[in-house]
Amino acid sequence: MAEPIEFKRVGEGNLRAQVYQQVRLTIQRGELAPGQKLVDVDIAAQLGISRMPVRDALMQLVHEGYLVGTTRGFTLPTLTATDIADIFEVRRLLEPRAAAHAARTLDATGLNTLAAALQEAEAAAAAGDAALFFQANSAFRNCWLGAVENDRLSQTIARFADHVLVVRLKTLSHQPTQAVIVAGMRAIYKAFAKRDAVAAYDRMTHFIQNAEERFMKLSPPLQQFDDEAASIPRQGKS
């Protein structure tokens, strides 16, 4: 049974924004288990606020693809192999370009943060610590994305990357996959350190391709489900 999730009120501020940020971080950290429900009235009771700002925040997360609404609350979406392939296609189109931009704009502080995240990922892979590995991988991505000056581009990438990371959590304990990811992170870091936009574009392209291949290889039930769904005739389709 999944652990209950605790939400805390932080000052007065914008209550909808507070709920949005806390729930999104919960999803990004893998703390919301598949099938686990978030109920607006329960979250509102925890925070001591009305239901409306909580519901508004949850509906925004539904709109952004993080959650789906059910009759008894909100939960993570169930992604098919086609959904995941579509998300990776978007990432292949956007992330290499963004990485090229970041290679030109990352400052010394950003490079140090990337180096620290890379070291943490290497240590986590060596120790077989999937939770720490996930955190290091996310820190690495968030750092270089933060250097992208086009906010709409970086926000779109972060959203789609989060959608796949939620599902990929189960693969991160697989040590051969960790080795592939660390090698990709190392290559990307070297391109950033050299301020080489062309190399950053190329390394990020390979990184995403490898990530998709590893994920699909380790998720045969998704592929089987998608194949079965594709074999069912759809109404209105010729």
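Modeller: Helices α5 and α6 are roughly antiparallel to each other, because angles over 145 degrees count as roughly antiparallel. Helices here are DSSP runs of H or I with at least four residues, numbered from the N terminus. This is a predicted model, in which local features need pLDDT of at least 70 and side-chain atom pairs count only at pLDDT 80 or more, while totals for chains, interfaces and linings use all residues. Residues are numbered from 1 along each chain as its sequence is written, and side-chain values use heavy atoms, with hydrogens and water left out.

Biologist: At what angle do α5 and α6 pack, and how far apart are their axes?

Modeller: The angle is about 160°, and the axes are 8 Å apart. Axes are lines fitted to C-alpha atoms, for helices over the stretch in contact, and angles run from 0 to 180 degrees between N-to-C directions.

Biologist: Which residues make the contact?

Modeller: On α5 they include Gly 110, Leu 114 and Ala 121, and on α6 they include Phe 133, Ala 136 and Trp 144. Contact means heavy atoms within 4.5 Å.

Biologist: Which residues of α5 are buried?

Modeller: Among them are Leu 111, Leu 118 and Ala 125; buried means under 20% relative accessible area, with a 1.4 Å probe and protein chains only. The buried residues of α5 pack against α6 (130–146) and α8 (175–193).

Biologist: What is found at the ends of α5?

Modeller: Asp 107 caps the N-terminal end, with a side-chain oxygen 3.3 Å from the backbone nitrogen of Thr 109. Just after the helix, Gly 128 takes a positive phi of about 70°.

Biologist: Turning to Thr 26, is it buried or exposed?

Modeller: Thr 26 has 6% relative accessibility and therefore counts as buried. This residue is in helix α1, and its side chain reaches the backbone oxygen of Gln 22 at 2.8 Å. Leaving aside neighbours within four places in sequence, Thr 26 is in contact with Ile 5, Phe 7, Glu 31 and Leu 32.

Biologist: And where does Pro 34 lie?

Modeller: Pro 34 is in the loop between α1 (15–28) and α2 (40–47). At 77% relative accessibility, Pro 34 counts as exposed, a term for values over 50%.

Biologist: How far apart are Pro 34 and Thr 75?

Modeller: They are 41 residues apart in sequence, and their C-alpha atoms are 7.2 Å apart in space.

Note on methods: Helix = DSSP H or I, 4+ residues; strand = E, 2+ residues; numbered from the N terminus. Polar contact = N/O pair within 3.5 Å; in protein donor to acceptor, adjacent residues only side chain to side chain. Parallel < 35°, antiparallel > 145°, perpendicular 65-115°, else oblique.
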